[in-house]
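Okay everyone, thanks for coming along. I'd like to walk you through a few spots in this structure, so let's get it up on the screen.

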Amino acid sequence: MGSGTIVQFVTLLIYFILIAIALRYAPTRLRTLFLVYLIASAGWSLTSFMAHADFTASQSWLWFKFIPFFSSWSIIAYSHFISTYVHKSSRLIANLGYGCLAAIAVLIALGYIPRNTLTLGEGTVYNNYGAWLYVLTACGAFFTGTAVYSLIKSYRSSRSPEHRNRIVYLLLGVGFLTVFGTLFEALPEQTYALDHIGHLSNALVLTYAIMRYQLLDVRVVMRRGLVYSGITVCITAIYLVILAGLDRVLQSWNNAASPITIIITAILMAWLFNPIRKSIQQWVDKLFYGKSYDSREMVLHFASRMSNVLELKELAEAMLRPIVKALHASQATLLLPSNGYFNSQFAERLNEEEPVVPLRLRDKSQIVTWLSQENKPLSRETIDIAPEFKGLWEVERNALDAIGIELFCPIMSKHKLTGILVISKKLPRGFYSADDMEVLMTLSHDAAVVIENAQLYAQAKQRANTDELTGLYNHRYFHQRLDEEIARCSRFGKIFSLLFLDLDLFKSYNDIYGHLAGDDVLRQISHYIKDSIRNVDIAFRYGGDEFTILLPQTSIDGARRVAERIRRQIEVHMDNKGIPLTCSIGIAAWPNDGVMREELIRTVDAALYSSKQTGRNRICLASEAVLSEVIRMEVGPESSSVILSTIYALAATVDAKDHYTYGHSKKVARYATDIAEALGCPRDKVDAIRAAALLHDIGKIGVSDDILEKPGPLTPEEWEPIRAHPSLGVAIIKHIDALKECLSAVQYHHERYDGNGYPTGLKGDNIPLEARIIAVADAYDAMTSQRPYRERVLTPEEGLDELKQCAGKQFDPRVVEVFNTINLQLSLAEAKPKRQPLTPRR
């Protein structure tokens, strides 16, 4: 019995074991076909073993006749199994394959296959198939190629990481079959039955792929194989080098020293194992993951990095940004539960310039229910084919298509779904692997407790900022949020409006019907307010029966419409319920009606007081109330100084909004001061002109950066805020006594001498002198400085020529003449050679 026969016998025993294992599982169509493949392969091994065993020639010849039948059956059964596994119509393959098998059986019965046997040296027997060998080979190649084609096509079309990973294992099995079959045909001495080893390897891989529910990712297997191979090589090499070095140094070993040295060296190798493993692991991971290695490490060490962080926003950023880079996901979204939905509160895109696409799922959605019950990733392919998702709402299915979602990953804590990690399609193309899913599940497990703690902290923080009776934000949070909004609008040149609401005659209602009824009314009022405002607007209970609403990015006209909607809704609902209550509302806009927080609150409170005094159940704007004297009386010297400093800081902010206008106001102030002095203006008027020049563009705090920095011409809609900025500047500084002399200059510095300017169209000497001076200074600096809307900067001489051409049309001719004289004198002074000082004698 040769080595090849032993191999055939061993493979036969292993096939019997695999058949026994397959029989233990519940029968399905796929497992039945797999069992047929195992039986056919086992028959092939049995006939080969019996044919090559040391029996009589007649018995060997009988078994040889069955070898082509079972070998062909094995390949056909394998192709049939693969076609069924990849969900293709396997009837054609089955009919064609078993038709060929029947033909082979007939040829065997008629004695055409094999024709005879050949007996070579040492009694070795081989088949002689003649030309039929090529027919059998072509048949086997056809069915094997069909199986490989089906697997590759299924791999490319599938979006399920588990299915794709299983396909890789099946292709690996085909690879074993092909390699060993090729070696069997290529080697001159076919002693070791390599074709049987190939089929056995394929059967083992198939058994693992079909019977195991969770498969190791092939990439993981390769990585681990490289790591432990590297460790083995390094440890062995170091061990041998140490022993060789000791042998060279000591020259000879005595019987006692040898085992002690070997034991010490082995202990040293054990101590070096972890450092070497970590180094090799890092090198292999960098080899496999490339540029995404650092991002993957951040994802895998999320829990240790963020264990002490309690802010959800910070956690989400630390969680989502590495994910999109590590997995090359187009978008990663974190859904958190809120008001019966899982909403996309945080999201990151791989291309940061692309807008984030939101997602919202009902907490009763089939997707949410499945994730909560299964606690494992859900692929888009499963959603498309699984029957439990047939009832998915159309709007939710459309949302999945819009975002290109590929995976849902549950975040579970204490058997409760606390969040969902949603991963969109992979860029530039491809699908997520089982290794990617393992990374996501590791992150989900690590993030569960951290996110739950952050949610508890956010809830506690929410309760601290929320009025328990109405559910609105409280008085303390109102001041905090108002400061933040003032800072934001100051930085970005935005505006906002503020509403103060007070219930009319609520105290009398409370006294008559009691505090419980009064509390119920306050709760109803809070609902009416929330129903009347946008999601970005914020409502607060200021105290007692007073409410306030912050309206970001809302003009005074928009605020009036919101206030009227609230007032009307309260009036109608209260009247329908027979409750004799209405409300009065005051409105103020930032920065027109106040720059500082305290000033804005006093202004809107005065507007509310005015609406109360003029009959209740009405709306009053701050600009309609007589506030100037009241504010002046309340502003003392210290607060006036603070407000004045704030106004100058705002003016500096306008200059610093971009590099084109940086330092513009200071240069305009210098030019204007020189002109005023040359015209012989008194010192107090010169100081007023200088202050007005510094503040002349303060109204641009309310103009968007997009308009100020636009390189091309402005549209009529964009010109509106530009033309309004002088009036806005006056509204900001009008309540400061020290700046009252600056009002006319700030208001009218864009008027033209011919009457075609703005905001009022004044003409000639009707324009205040201060405004005419600042107009010339402002235009000259704009012409001789870089601006986004002009391609070329004019030289000082060209700027003066332009002023002369526009004298009498846009500018006061006398002011232009004086400014030209000042620049001419300055040019002569700079051109005149300076006298060298004499060297003093010693």
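So, C489: buried or exposed? Buried, because its relative accessible area is 0%. Keep in mind that this is a predicted model, so everything I tell you is computed from that.

While we're on cysteines, how many disulfides does the model have? The count is zero. Take C139, which is in no disulfide. The nearest cysteine sulfur belongs to C100, and that one is 4.4 Å away, whereas a disulfide needs the two sulfur atoms within 2.5 Å. C139 counts as buried too, because its relative accessible area is 17% and the cut-off for buried is under 20%.

Strand β7 covers residues 405–413 and β8 covers 416–424, and the two pair antiparallel over eight bridges.

Next stop, helix α18, residues 506–513. Which of its residues are buried? They're F506, Y509 and N510. Those three sit on the same side of α18, because they cover an arc of only 100° around the axis. Turn to the face pointing away from that buried side and you'll find the exposed residues K507, D511 and I512. As for what covers the buried ones, that includes β9, at 496–504, and α19, at 515–531. And just after α18 comes G514, which takes a positive phi of about 95°.

You'll find A724 in helix α27, which spans residues 716–733. A724 counts as partly exposed, because its relative accessibility is 37%. Now find G699, which is 25 residues from A724 along the chain. The C-alpha atoms of A724 and G699 are separated by 7.9 Å.

That's my tour, so over to you.

Terms used:
Residues numbered from 1 in each chain as written. Predicted model: local features only at pLDDT ≥ 70, side-chain atom pairs only at ≥ 80, totals over all residues. Heavy atoms only, no water. Helix = DSSP H or I, 4+ residues; strand = E, 2+ residues; numbered from the N terminus. Buried < 20%, exposed > 50% of the residue type's maximum accessible area, 1.4 Å probe, protein only. Arc of directions from axis to C-beta. Contact = heavy atoms within 4.5 Å. Pairing = 2+ DSSP bridges.
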